[in-house]
Amino acid sequence: MSASAPSMKERQAALKGLGTSRKRVEDARFTQGKGNYVDDIKLPGMLYGDFVRSQHAHAYVKSIDTSAALALPGVVAVLTAKDLEPLNLHWMPTLAGDKQMVLADGKVLFQGQEVAFVVAESRYIAADAIDLVQVEYEELPVLVDPFKAELPDAPVLREDIADAKEGAHGPRRHPNHIFTWEMGEKEATESILASAPVVAEEMVYYHRTHPCPLETCGSVASMDKVNGKLTLYGTFQAPHVVRTVASLLSGIAEHNIRVVSPDIGGGFGNKVGVYPGYVCSIVASIVTGLPVKWVEDRMENLMSTAFARDYWMQGKIAATEDGKILGLWCHTTADHGAFDACADPTKFPAGFMNICTGSYDIGTAYLAVDGIYTNKAPGGVAYRCSFRVTEAAYFIERMIEVLAIKLNMDAAELRLKNFIRKDQFPYHSALGWEYDSGDYHTAWNKALEAVNYKELRTEQAAKVEAFKAGETRQLMGIGLCHFTEIVGAGPVKNCDILGMGMFDSCEIRIHPTGSAIARLGTISQGQGHATTFAQILASEIGISADDITIEEGDTDTAPYGLGTYGSRSTPVAGAATAMAGRKIRAKAQMIAAYLLEVHDNDVEWEVDRFVVKGAPERFKTMQEIAYASYNQAIPGVEPGLEAVSYYDPPNMTYPFGAYICVMDIDVDTGTSSIRQFYALDDCGTRINPMIIEGQVHGGLTEALAIALGQEIAYDELGNVKTGTLMDFFIPTAWETPNYTTDYTETPSPHHPIGAKGVGESPNVGGVPCFSNAINDAFRPFGLTQTRMPHDHWRIWQTANKLGLHG
Amino acid sequence: MTTTTINLNVNGKSVETTIEPRELLIHVLRDRLDITGPHIGCETSHCGACTVDIDGRSVKACTLFAVQAQGSEITTIEGLGDPDKLHVLQEQFKEHHGLQCGFCTPGMITRAHRLLQENPNPSEEDVRFGIAGNLCRCTGYQNIVKAVLAAAREINGATDKDATRETAA
Ligand code: FES
Ligand code: FES
């Protein structure tokens, strides 16, 4: 080797592979305003669609008169359920095995429901025309409280299935009841509760909220009648699934449909489902023969597309007097709105709520979830979360606090006492999961030390004394949370969406000059896939990440995949990428051996090349191998260097983290301010630390929003009270603190590169942490539980109820 | 519907366009002039995705009729920097990972650009307050604030080394 040849370390660094804080390749385009989002798409002759929506939460639709709208110049068509019925598109299947109206078929079931679709030459004309559509309603009694759904005088919402005794997830006991899902051992848990020395009980409510990405949902459908092809652009977190669904619904053969997810302005679960707007834009394009764009406005987004949470979790937790947890019981009432459109894997009607034993070694547990219809928008998506994991984490992390109060024990110590130990992994939880790896004690102790936990408690106690002495009107809350996530759905044997197994895929082509393109079945919505997937591949195949193009989102070119949500891209598509890379390497090894005139087993991989064992000066770089694969005949080896992998993960991955938050609360105004937030995340192997940190900042800020004010609230008539960004809280730079991030690294034993995924951890762990801080501040005054979201008004009320206002 | 003709100077170019008086500036920019950098996140003045610069002030283009901008000079994200030489804010947003999905980014950078004209030496608090009209759902702002502070330093002639030292932590 000549003296000027780069060292192994330099070669390694040049790859910009795993572990590098590589700058994002997406940014040049985005910072210059050259992103291509769905509303940026403009096709020749394009028409605009807009919805007439119901102002009532529950009413019969007596008649719809479209004549005045149709008479308006520039209006091309007005679609109602009657127009969709002959195509069998007035209803559509939901991801949860239910069905949902595309346009109101005889009645409306929530405020903001789609009633008619106006198609016009401009967005302004479409908006004018929706006011001209005359809809006659007959109002019906409204059901907003899920606990009243089965009372004798409750109105029946879903008259279409009122008599169905069986739903998609088993027996139904009432027309407003969707399913009951049970896990674990009921009797054993109840007998532990009956005999345990200590039992703490609480109703934990995780309120209804909304993912609210900055870009709303939208689509552009373009039916080319000449060659029979439909192109559908849209805000799709799962473009391949959308293609299959579009084919099944429309009858257009799947090869004649091309679905494209362009740049997506944030998803957070909002863009997983299929919405009436998508269907109507397709139908309108088929009817008019012209491209049709539909983009919802912010109010429509908040009112009608995919809410999240709304779980009432009744909990009981049993322990010994010294704090060893013996059993956990949970009954959840899940408000699913008017149609069961939760975006969960088919066999999990309440998602992965059965991860609710959290980070703790709890031998016996029982969970039941009742799904209930109400006059609210459908949805129940995983808002920056893996299928109800946020609800589960909030539940257990509140129950731990409640138990600590009952035991008069420090909540940090109670956690330490009950964590699953490192030597217990793989750990089988009482509710059916196999946790892959973890080291909770190390993470927790590191976190406590980092924030000087003991000193914080001393300071807090002094503050309480000062408050009692009338020296201050401020209290201090210390929020603790240790969460365990379950992400990377998932093994095809138990995870599917609409029957499609939840594998994912990657296809790689190495070009003759040694650069590459890889296409995946996922789609980035800001996670930086074009940057990070190239890094995974760079480490596998020895080509610099800068020389690898990543493409996603076009179903005509990308291999089939189930998309991006539930933090599944890294665990599943990331694994597919590594596996496809390994296939490339296996073929490259044969080519290298041939070129070096040695046996296949006599060469070994070294960063970016195969070297002859024991003769490091004899090697072939991946670049040389790629060229050879195209330019010379190699006996027994096909030309070219390509590979594809469809990866079915053997298990989920279980990222975890330890978060601690310190808040100061003003008792008289109810305002809270975050003094400190420490977030330790363990997401296994770290692909790009810069991007991980960015994900943590973003997820924590969404958690802050949810915990401290963000809510989709309804009044008793089913009116949405928080339908604009005036009322729906999104923190600005002003309210948002600086976060301190930290990590431990416990690789997943079953993932090819040990990565677990991180995008959702901060939301899963952040919400309980913020909420626990608020609750903790009032613990010295006898509070066990106060309800989210903890806005200033609710905090003030809490203080007031505790008699702190004198 | 009556129409009217307006003249604007957009990113240094004079344009004349015939519009309805009720058209919002954001729609005229995006749909008629194909300037799609400024985005629509709410149309109710809350999110700032549509922020442009009009005659030296930050304006939410969803809340202005285009006719109100008659005769004005408008700068959008497309008018800051170019592919061969990015604006220092664009560079620093890349450098400090100040964006994820990129949807808020054009409005955010356009606003930050004006903020640095108004206050060339902002403190962290000034930056946080100064961009509070622009929402971001992805980043949690921490890296945006870092990027804006780093850009201010660079504009003021501090070396890169100072910037890295001060924004580490
Ligand atoms: S679109 Fe103008 S402020 Fe949101
Ligand atoms: S980067 Fe997505 S909204 Fe700011």
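Predicted model: local features only at pLDDT ≥ 70, side-chain atom pairs only at ≥ 80, totals over all residues.

Trainee: Understood. In which sense do strand β1 and strand β2 of chain B pair?

Mentor: Strand β1 (residues 4-10) of chain B and strand β2 (residues 13-19) of chain B are antiparallel, and seven bridges connect them. Within this pairing, Thr4(B) faces Ile19(B) of β2(B).

Trainee: And how many residues lie between the strands in that hairpin?

Mentor: The hairpin of β1(B) and β2(B) has two residues between its strands, and Asn11(B) adopts a positive phi near 50° there.

Trainee: What about β1(B) and strand β5 of chain B: parallel or antiparallel?

Mentor: They run parallel, with two bridges joining β1(B) to strand β5 (residues 73-75) of chain B. Val10(B) is positioned opposite Ile74(B) in β5(B).

Trainee: Changing topic, which domains are assigned in chain B?

Mentor: The assignment gives domain 1, covering 4-79, and domain 2, covering 88-164. Taken over C-alpha atoms, the centres of domain 1 and domain 2 of chain B are 22 Å apart. Their contact involves 14 residues from domain 1 of chain B and 12 residues from domain 2 of chain B.

Trainee: Which strand gives the largest share of the domain 1 side?

Mentor: Strand β3 (residues 51-54) of chain B does, with three residues on the side of domain 1 that touches domain 2 of chain B. By class, that side of domain 1 of chain B comprises six nonpolar, seven polar and one charged residues.

Terms used. Residues numbered from 1 in each chain as written. Chains lettered and ligands numbered in written order. Domains from an automatic or database assignment. Contact = placed C-beta atoms within 7 Å. Helix = DSSP H or I, 4+ residues; strand = E, 2+ residues; numbered from the N terminus. Nonpolar A, V, L, I, M, F, W, Y, C, P; charged D, E, K, R; others polar. Pairing = 2+ DSSP bridges.
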